[in-house]
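User: I have a two-chain model open and would like to go through it with you. Could you take my questions one at a time?

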Amino acid sequence: MTKCASCHQVMKDATGPALMNLEERGKWADHNEILKWATNPAAYMAKDPYTQGLKAKYGSMMSSQELTLKDVDAIVSYINQVVADSKKPAAATEGEAQPTANNAIIFGVISLILAVVALILMQVNSNLKKMSDDAEGIYRPDPVPFYKNKIYIAMVALVFFAMAGYFFSKAAIGFGRQKDYQPVQPIFYSHKVHAGINQVNCLYCHGGAWDSKHASIPSVNVCMNCHKAINEYKKGPKLYTEDGDLVDGTAEIAKLYAAAGFDPQKPNSWDAAKAKPIEWVKIHNLPDHVYFNHSQHIRAGKVQCQTCHGEITAMDEVKQVSELSMGWCVNCHRQTNVDFNYDSTGGNKFYSIYEKFHNDFKNGKMDSIKVKDIGGLECQKCHY
Amino acid sequence: MKKLLIIAGIISTAITVTSCGGVRRDPGRAYMPDMSYSRAYETYASTQALKDANINYNAKPVDGTIARGDMFPYTLKNDSTGYAQSATVTNPLDTATIDKTEAERLYLINCGICHGTKLDGNGPLWKGGDGPFPAAPRNFVGDAVMLKMPEGTMFHSVTYGKNTMGSYASQLSTKQRWMVISYIKAKQAKVAPAAPAADTTAKAKP
C-alpha cells in the first residue's frame, strides 16, 4: 500500500495506470512476471514492448521496488478485494432535502392572528360596556371614533416620525457599507471544505497577506497544486448554496479545469501557461481613500484572519462579517493591546522606537499600550 | 370598512417586515463613487481598457528577472536531464544561519497539508487514505527513498512539481524553497538511524 499508492490508484489512472483487473492484462496473470517487472523495471522494459508503451503514455518509469513474491500475491489480492467492494451496490446515502422552514413567516402569521384577536376583544369590551351602561340607565355621549381621536392621531404621528427617522438614518449610514455582502462566485468554492474540513492554511492560498498590502487571490496554478489529483468531490458533506440549492462539487471542480485548460484524462499534458484567470467577485471592499495593509496587521500586529473575516472555516459562501466602517476600525485601535517587546528577548522589534512607552511600561506608569498610543488614530495613517 | 382598512394595514406591515432579510447579493451604493472606486489601476483590475487602447501590457516579469532580496534563480530545466543533474546541486544557504522558525512556518503552511506536520506523509489531505487526496504523499522520515534523496533533487521537485505534486515556485521564492528543504533535511537527520526499521514495517503490509 505505502509503496504503490504514491503513483497508482486501484480504480483510475494517476501518475501510473490504474491497477484494477491487473491479472487480465496479458502476462500479469503470472505473479512471477509482476515481481520481475516491479523489482527491476529498467531491465524488464528493455525486452518488453507492453511496458515500453506504458512509459510512452505516462511519461515516467516506475522506480524499482523491493518486493517478494509473497508481497505481490498480497498486493494483487488487496486490489481484487477493493474492486469487488466497489461493485457492491452503494448503500442509499441520499439525504432528505434540507428543511428550510422560514421562521419569519410563521412569526408574522402568529402576530397577525394575535392582533386580530386583540381587536375583536377590544370591540367586544366596548360593546359590553355600552350594554351595561344602557342597562343601568347611564347616559353617555356617543364615543368619538378612534380615527378622529386627537390623542390617537398624535400618537400615530409620533410613532410614524420616529420609525421614519430611524429607517432613514439607518439607510443613510448603511450607504457605502457592505456588511453581510455575499455575492455568487463564478465557482462554488467552499471555504468550509477547504479551510475547515481539510485544514488548508489561509496563507497557502492567500500568501500575499503575510508579505503585502493585499491578501491576494490565488492564481489557478495554486488551485491545481491539489486539484491536479483531486478531481471529484465525494468525501465531504453535501453542499448547499445560501438559496438552498444543492451543489455538485465535482461539477464545480470541472469549472476550475475549464479555466485551467486541464484535461483530467491527460494530466501530464497540462500546460499551466494556458490557464485563464477566474473572475472571482471581491467581497471586502474599502473605499479608495482608505489605506489598509494586510501584512501590517497579521505579521506585525499578529491579528488572526478570523478577527475581521469571521468564522471563514464554517462558511460555504463567504460573507462580509465585519462592518469595515471607520468606527469599527477606530474602535479596535482603541481597544487592542500592542505586543510590546519591552524585555527584548523576543517578540516584535518593530516597536523598539517607542522608547518612552517602553520606559513607562517598565516603570509601571502604563499597564498596557494600545494601538492608539502609537498613532493608531492619526488621520494620515489611513487617509493620505 | 374600517376593520378592513386596519386588517389590510396589518397585513402589509407584516409582509414588509418579513420580506427584509435573506441573502445580500448586491454590494449597495456609495456616497461618492469617484472617491470610493479607484480611477487608477488596482490589483486584479481588468486590463482590458489598456488592450483596447492598443497599449501593450504583460503581467509577467521579463525572463531572468530577480526579485529584490531573492537569490540567483535556479537554472536547471524541467526535464529528465535536469532532474538527474539536480542531484549534484547543493543548498547555497548557510544552514546554520537559517531562521528555523520561519522555515518551519513555511513548511507547515505549504507542505504540511499533504506531507504532514510530522513529515510522515500523513497530512490532513491524505489522513491515512480518508482524505480527499487520491495519492499517498511521500513520507519524509520513514521512506528510504526520501531519506537518501539529495537536497538538490528535492529542490528540483519543489520547483517544477513531481508526479501529482504541483510546482511551488509561485508560492515560495528560491530562498524560501531552500529554507524548507533545509528544514526537511534537518528533521530527517534526526530520524535517519531509525529509518531501516520503519521501512520493513512498511513492506510487511501491502
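User: Is B:Leu119 buried or exposed?

Analyst: In this predicted model, B:Leu119 counts as buried, because it has 22 C-beta neighbours inside 10 Å, and the cut-off for that label is 20 or more.

User: Where is B:Leu119 placed, and what is its phi?

Analyst: B:Leu119 belongs to the loop between H6 and helix H7 (144-147) of chain B. Its phi is near 65°, which is a positive value in a residue other than glycine.

User: Let's change topic to the largest nonpolar core. How many residues does it have, and which touch the most other members?

Analyst: The largest nonpolar core has 41 residues, and B:Leu106, B:Val180 and B:Ile184 are the ones that touch the most other members. The elements that give two or more residues to this core are, from chain A, helix H8 (202-205) and helix H10 (220-227), and, from chain B, helix H5 (100-110), helix H6 (112-115), helix H8 (151-160) and helix H9 (174-191).

User: Which element gives the largest share?

Analyst: That is H9(B), which contributes six residues to this core.

User: What does H9(B) look like, and which of its residues are buried?

Analyst: H9(B) has 18 residues and reaches 26 Å from its first C-alpha to its last, which is close to the 26 Å expected at 1.5 Å a residue. Its buried residues are B:Arg177, B:Trp178, B:Met179, B:Val180, B:Ile181, B:Ser182, B:Tyr183 and B:Ile184, and these pack against H5 and H8 of chain B.

User: How do H5(B) and H9(B) cross?

Analyst: The axes of H5(B) and H9(B) come within 9 Å and cross at roughly 95°. Angles of 65 to 115 degrees count as roughly perpendicular, so H5(B) is roughly perpendicular to H9(B). On the H5(B) side the contact is made by B:Glu102, B:Ala103, B:Glu104, B:Leu106 and B:Tyr107, while H9(B) brings B:Gln176, B:Met179, B:Val180, B:Ser182 and B:Tyr183.

User: What is B:Leu106 in contact with, leaving aside its neighbours within four places in sequence?

Analyst: B:Leu106 is then in contact with B:Leu172, B:Gln176, B:Met179 and B:Val180.

User: And which residues of H5(B) are buried, and what covers them?

Analyst: The buried residues of H5(B) are B:Ala103, B:Leu106, B:Tyr107, B:Ile109 and B:Asn110. What covers them includes H8 of chain A, together with H6 and H9 of chain B.

User: Over to chain A, then. Does H6(A) lie in the open or is it buried, and why?

Analyst: H6(A) lies largely in the open, because the number of buried residues among its 25 is zero. This helix covers residues 150-174 of chain A and reaches 36 Å from its first C-alpha to its last, close to the 36 Å expected at 1.5 Å a residue. Just after H6(A), A:Gly176 takes a positive phi of about 85°.

User: What about A:Ala195, buried or exposed?

Analyst: A:Ala195 is buried, with 20 other C-beta atoms within 10 Å, and its place is in helix H7 (residues 191-197) of chain A. Not counting residues up to four places away in sequence, A:Ala195 touches A:Val200, A:Cys202, A:Ile312 and A:Thr313. A:Ala195 and A:Met315 are 120 residues apart in sequence and 9.4 Å apart in space, taken C-alpha to C-alpha.

User: How many helices and strands are there in each chain?

Analyst: Chain A has 16 helices and two strands, whereas the secondary structure of chain B comes to 10 helices and zero strands. As for burial, 14% of the 384 residues of chain A count as buried, and for chain B the figure is 24% of 206 residues.

User: Last one: what is the pLDDT of chain A, and where does it stay under 50?

Analyst: Chain A averages a pLDDT of 80, and 75% of the residues score at least 70. Over residues 90-100 of chain A the pLDDT stays under 50, and for that stretch the model has four contacts beyond four places in sequence.

Note on methods
Residues numbered from 1 in each chain as written. Chains lettered and ligands numbered in written order. Predicted model: local features only at pLDDT ≥ 70, side-chain atom pairs only at ≥ 80, totals over all residues. pLDDT = per-residue confidence, 0-100. Contact = placed C-beta atoms within 7 Å. Core = buried A, V, L, I, M, F, W, Y, C linked by C-beta atoms within 7 Å. Buried ≥ 20, exposed ≤ 12 C-beta atoms within 10 Å, placed from the backbone. Helix = DSSP H or I, 4+ residues; strand = E, 2+ residues; numbered from the N terminus. Expected span 1.5 Å × (residues − 1). Axes fitted to C-alpha atoms, helices over the stretch in contact; angles between N-to-C directions. Parallel < 35°, antiparallel > 145°, perpendicular 65-115°, else oblique.
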